[in-house]
Amino acid sequence: MDKSLYLAPFKHEDDLLKELAFKNIKVLETRGRAVLAEGLREDIIWAQSAWIGVLEIAITSIKDGAKKLRELNRNWALFSTGQHRRAELIQNELPHYPTKPIPFLAARPTQPMGGWTLWENDLIIASAQTTSLYPIGEMTFEEDQINPPSRAYLKLWEFFTCHSPRLPNASEHLLDMGACPGGWTWVLQSFGGAVTAVDKAPLEKRIAELPRVSLLNESAFGLAPNRIDKVDWFFSDIICYPERLLTLVGHWREAGVKNFVCTIKYQAETDFAVTHQFLEKFGGNIIHQHHNKHEVTWFLIES
Ligand SMILES: C[S@@+](CC[C@H](N)C(=O)[O-])C[C@H]1O[C@@H](n2cnc3c(N)ncnc32)[C@H](O)[C@@H]1O
C-alpha cells in the first residue's frame, strides 16, 4: 500500500486532519504533528513538509540506520516522533546540512531534502525527497529589525525567496491591498517598480514617503480596477472573510491582472470549501508558508 507522511505546522494538527478528511484521504496513524496516511497526494496545504510514498526501513542498530539513510540521500532532516535519543544518535551519524538563518532572496537549495523519523526502535519511516527544499519545511531569515514596520514582511520574504517562480521587475506596477502599516509595501518597493498601497488606515509615514509609493486611503472593496494604471501584480493581506477576497480577486482577474499573491485569512474555523474555490475558479497554488499563522497563501503567477 502506498503511504505518505504529512507534517502539520506547529499548532495546526487539526487543520491538517480536517483537510485530509475533506479530501477523503484515510489516516493510518497520528503521532503529534506527524500524520501517516494512505496514498500519494502532494497537494496538502496544511503540511509544512510532505513525504510522498514513504519507505519503511528495518534497522538493526544506530550505525545500520545511518548507513541505510546515507545510501539513499545526502541531506536528511529528522522529525522525531519517539525513541528520541536513539533517533538523535542516528542523525549525528548523517552529513550536516545548513541550518543558519538565510538572507532574503538567498539561492534555493539545489539538493533534495529528505525527511525521516524513527517510528519504532527498529523501523525508520523516510522519504529521500520531501515537498520542501528546507529541513522539515522550516526556514528562518536573517531578519531586518530596523526597517520594516511590521513582521508581516516575512510572509513576502518567504514567498519570493522560497516559492515564487519569478520576482517583480522595475517596469511593473504592484498593487498592495490592505497595506497598513506597510511591511509588504516596504518589500515590494525594493523591486524598483511603482507600488500603490490601499488601506483605510494610514501607512507608517516613513513607508508612505519611500520613492515610487503612492497611497489610496480607502476600502479595497470600493476600488474599481479602471480607476488606476494597469496592474501587473495584485497583492492582498486584507483581514476579511475568504468569500469577500474571492469576489475581490474575481474583479481584478476579469480586469486582466495576471499575477496574484493573497493571504486567505480564517476566523475561528478553516474554511476548506471556499479555499478550494480559489483553485477551481482561478487555478494557481495554495500553500501554508512557515510564516503564515491561521491563514494560507494563494498565488497565481501567469506572466
Ligand atoms: C494584517 S494587516 C496588513 C499588514 C501589511 N500587509 C503589512 O505588511 O504591514 C491587514 C490590513 O487590512 C486592512 N483592511 C481591512 N479591511 C480593509 C478594507 N476594506 N480595505 C483596505 N484595507 C483593509 C486593515 O486596515 C489592516 O491594515
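Me: Where is Pro-181 found?
Reply: This is a predicted model, and in it Pro-181 sits in the loop between strand S9 (173-177) and helix H5 (183-189).

Me: And is the peptide bond from Cys-180 to Pro-181 cis or trans?
Reply: That bond is cis, with omega near 5 degrees. Most peptide bonds are trans.

Me: OK, new topic. Which domains does the protein have?
Reply: The domain assignment gives domain 1 (3-137) and domain 2 (153-301). Their centres, taken over C-alpha atoms, are 31 Å apart.

Me: How many residues are in contact between domain 1 and domain 2?
Reply: On the domain 1 side there are 17, and they contact 26 residues of domain 2. Together the two domains bury about 1,700 Å², with 67% of it on carbon and sulfur atoms. Ile-45, Phe-104 and Arg-108 supply 39% of the area that domain 1 buries there, more than any other three residues.

Me: How many salt bridges are found across that interface?
Reply: The rule finds 1 salt bridge between domain 1 and domain 2. It also finds 6 residue pairs in polar contact across the interface.

Me: Is Asn-24 buried or exposed?
Reply: Asn-24 counts as exposed because its relative accessible area is 71%, and exposed means over 50%.

Conventions:
Residues numbered from 1 in each chain as written. Predicted model: local features only at pLDDT ≥ 70, side-chain atom pairs only at ≥ 80, totals over all residues. Heavy atoms only, no water. Domains from an automatic or database assignment. Contact = heavy atoms within 4.5 Å. Buried area = accessible area lost by both parts, 1.4 Å probe. Salt bridge = Lys/Arg side-chain N within 4 Å of Asp/Glu carboxyl O. Polar contact = N/O pair within 3.5 Å; in protein donor to acceptor, adjacent residues only side chain to side chain. Helix = DSSP H or I, 4+ residues; strand = E, 2+ residues; numbered from the N terminus. Buried < 20%, exposed > 50% of the residue type's maximum accessible area, 1.4 Å probe, protein only.
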